[in-house]
Amino acid sequence: MIKRIAPVGLILAVACGGGSDGGTGLNTPPSDISSMAVGDVRVLNPADITSGIDLPAGSGARDYVIIVGNTSNIKDVEASYVVKADRSTGASFGIAAPSDLGGQSNVLVGQIPLARTPQQALENRVRAFERRDLALKARLNPLASRLSPRRSTQAAAMVVPNVGDVLNLKIPDASTDNLCDNFIPTQAVVASVSAKAILAVDTLDGPPAVLFTQAQMDSITNEFDNTTYPTDAAYFNTPTDFDGNGRIIMLFSGQINKLTPPGSTGGFVGGFFFAGDFFPTVDTPQAQGCAESNGAEIFYLLSPDPTGRFGNVRTTSSVRQGTRGTIAHEFQHMINAGNRFVNNASAFEATWLDEGLAHFAEDAVGRASRGFGDLETLDFNKLLPCSPCKESNDFNAFFFQNLARLTYWMDKPDKFSPLSNMADTSLATRGADWAILRYAADNYSNNDPRAFTKKLVAGPDTGLKNFNAATKVAVDTAVKDWLISMFDGAHLSTPIANLNAKYSLRSYNLRSVMGPVARSVLNNQNIIYPLAVTPVGSGSDNFSATNRSGTGTYYRLTVAAGAAAKNVKVLDSSGNPASFTGEHVYVLRIQ
């Protein structure tokens, strides 16, 4: 549901006099931005700019970015306003002839599939059922004692299976709205067992050796043991062990293939995790029942299908490659949900934060796979030095999807917020989710992003309250810092001079990576940087805009040497100074 507000009285955490990294100058009102030095950031409240943002005439050329932000702490509130200014001539910001490097890099990413929308739709259905229909113990019975993660009789009797053993399992029917009552009983042959994983293949798919070579199956479990498991555990916590075997079951089944419609070209379902597997099969005094439950940690994964009998032809290599990022992503969901189940939390994590952390897991596992540091700055050449090669497979599996989703947000930053309930339906929102978490881990973690993400997963709070507790900053500050970091140096080949380091991502050189990805995602070979920024001057033109809470709209005010005075106003629909709850205007001088 989208909530809308009319421009009304303002409730803000920032002082009425505005704020600035560089001060306002002696006797200079905050609305006069001529006193700002290059790299300065100024925060303006509605009371500061009742007559608009002023830039008196000057002898030198000057360049500013103005961001109208909506930092209401109520999710999905939309605020409408009008920016009154001259329309600047020239091409749209961020669109220019691509450099030679840009053209070359676009060739490298051109064949990578875009963000997998069927996977997102499937995940939405599974996570929505969990939050709506699975009651965690504290919500079901506030007096319930803490249960051991090995609490079931099933777990007590469980032993590690051997290769060739047959497991009796139930697959939740994710095509329905009730994954506990609707499930598919099946059997699966154990095909590879490692220190942390049990790989099993549905018997309905055929003998494992027909679908995979033993080397391929062992490579899946080895990657999980050596990279995915230790990385996700380090960032999010040790997973539960309900079945007592110390391992995660990876079930490859054609039932998952059926979740992608035949002939689909826009993506595929790679697999999922279901928290119902943590619950008993029948109601107990401590927990509600879920008839589907396997009492175990399980990934349900896409299976090779050489003839397309389950809907679409899937080669073994495409399944191997296509499920790598899925496993990293779903493992975060498993750890997060399991942590909340055994620790008597009252709710599963909010959608936007849970998905943002799962996308963060893709990035973290990708870094571990490539040997990159947690906070190492990645440019395009580091991410994709060659194609085809192992590094391009890693880029596709762990990095490209996050950058593609962020491209969708940058294309329409005012419409999609990282703090939005739209995380269950919007790729752009998910891109923003990942980006604000990546920013927070870079800048609010005291150089320890693993401790930061572990704190988020530990809860017990959810959503914005959890995020604020972990970052130790107010939401308006976090949104301001993040919005500026998304612009940082976008128009330049080098960073903005004297800009406080807190306004930049440490982990990515966005100037390097976003152009090549955006040219592929948006199919526009002229894009240098995809962030939508409207050029303005001053005068009679009106730019109508609507911001969702947690994001903002970007404008650029550029003046030549000797130019006349400029004035930019932010107004409501009646022509009065805008004053909506959560309104902040951020000004950054870039030249």
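Which residues touch the most other members of the largest nonpolar core? In this predicted model, they are Phe274, Phe299, Trp409, Met486 and Tyr554, and the core they belong to has 136 residues. A nonpolar core is here a set of buried Ala, Val, Leu, Ile, Met, Phe, Trp, Tyr and Cys residues joined through side-chain atoms within 4.5 Å; buried means under 20% relative accessible area, exposed over 50%, and partly exposed in between, with a 1.4 Å probe and protein chains only. Helix α12, spanning residues 390-411, gives the most to this core, with 10 residues. A second, separate core has 26 residues, including Met36, Val83, Ala545 and Val568. In soluble globular proteins, nonpolar side chains tend to be buried together.

Some notes on reading the model come next. Residues are numbered from 1 along each chain as its sequence is written, and side-chain values use heavy atoms, with hydrogens and water left out. Because the model is predicted, local features need pLDDT of at least 70 and side-chain atom pairs count only at pLDDT 80 or more, while totals for chains, interfaces and linings use all residues.

The pLDDT, which is the predictor's confidence in each residue from 0 to 100, has a mean of 87 over the chain, and 86% of the residues reach 70 or more. Over residues 89-115 the pLDDT is below 50, and this stretch has 60 contacts in the model beyond near neighbours in sequence; contact means heavy atoms within 4.5 Å. Residues 141-157 also have pLDDT below 50, with 28 contacts beyond near neighbours in sequence. Where pLDDT is low, the predicted coordinates should not be read in detail.

The chain holds 17 helices and 17 strands, taken as DSSP runs (helices H or I, at least four residues; strands E, at least two) and numbered from the N terminus. Of its 591 residues, 58% count as buried. Among the contacts with a separation of 6 or more, 76% come from residues 24 or more positions apart. The accessible surface comes to about 21,400 Å², and 52% of this belongs to carbon and sulfur atoms; the areas come from the Shrake-Rupley method with a 1.4 Å probe, and for residues only the protein chains shown count as cover.

Not counting residues up to four places away in sequence, Trp409 touches Phe416, Ala428, Ala432, Trp482, Leu483, Met486, Leu531, Thr551 and Tyr554.

Arg405 forms a salt bridge with Glu362, the closest N and O atoms being 3.3 Å apart. Arg405 lies in helix α12 and Glu362 in helix α10 (residues 351-370), so the pair ties together parts that are 43 residues apart in sequence. Arg405 and Glu362 are buried. Through shared partners, salt bridges also join Glu123, Arg127, Glu130, Glu330, Glu355 and Arg430 into one network. Glu349 and Arg340 meet at 3.0 Å, N to O, and both are buried. Asp133, by contrast, is partly exposed at 32% relative accessible area; its salt-bridge partner is Arg132, at 2.9 Å between the closest N and O atoms.

Polar residues inside the fold deserve a look too. Ser549 sits in the loop between β14 (542-548) and β15 (551-559) and is buried, with a relative accessible area of 3%. A polar atom of the Ser549 side chain lies 3.0 Å from the backbone nitrogen of Asp76. In strand β16 (residues 566-571), Asn567 is buried at 16% relative accessible area. The side chain of Asn567 reaches the backbone oxygen of Ser51 at 3.1 Å and makes a polar contact with the side chain of Asp54 at 2.6 Å. A polar contact is a pair of N or O atoms within 3.5 Å; within protein, one must be able to donate a hydrogen and the other to accept it, and residues adjacent in sequence count only if both atoms are side-chain atoms.

Finally, the backbone has a few points to check. A cis peptide bond joins Ser387 and Pro388, with omega about 0 degrees, and the bond from Gly459 to Pro460 is cis, with omega near 5 degrees.

Technical notes:
Salt bridge = Lys/Arg side-chain N within 4 Å of Asp/Glu carboxyl O.
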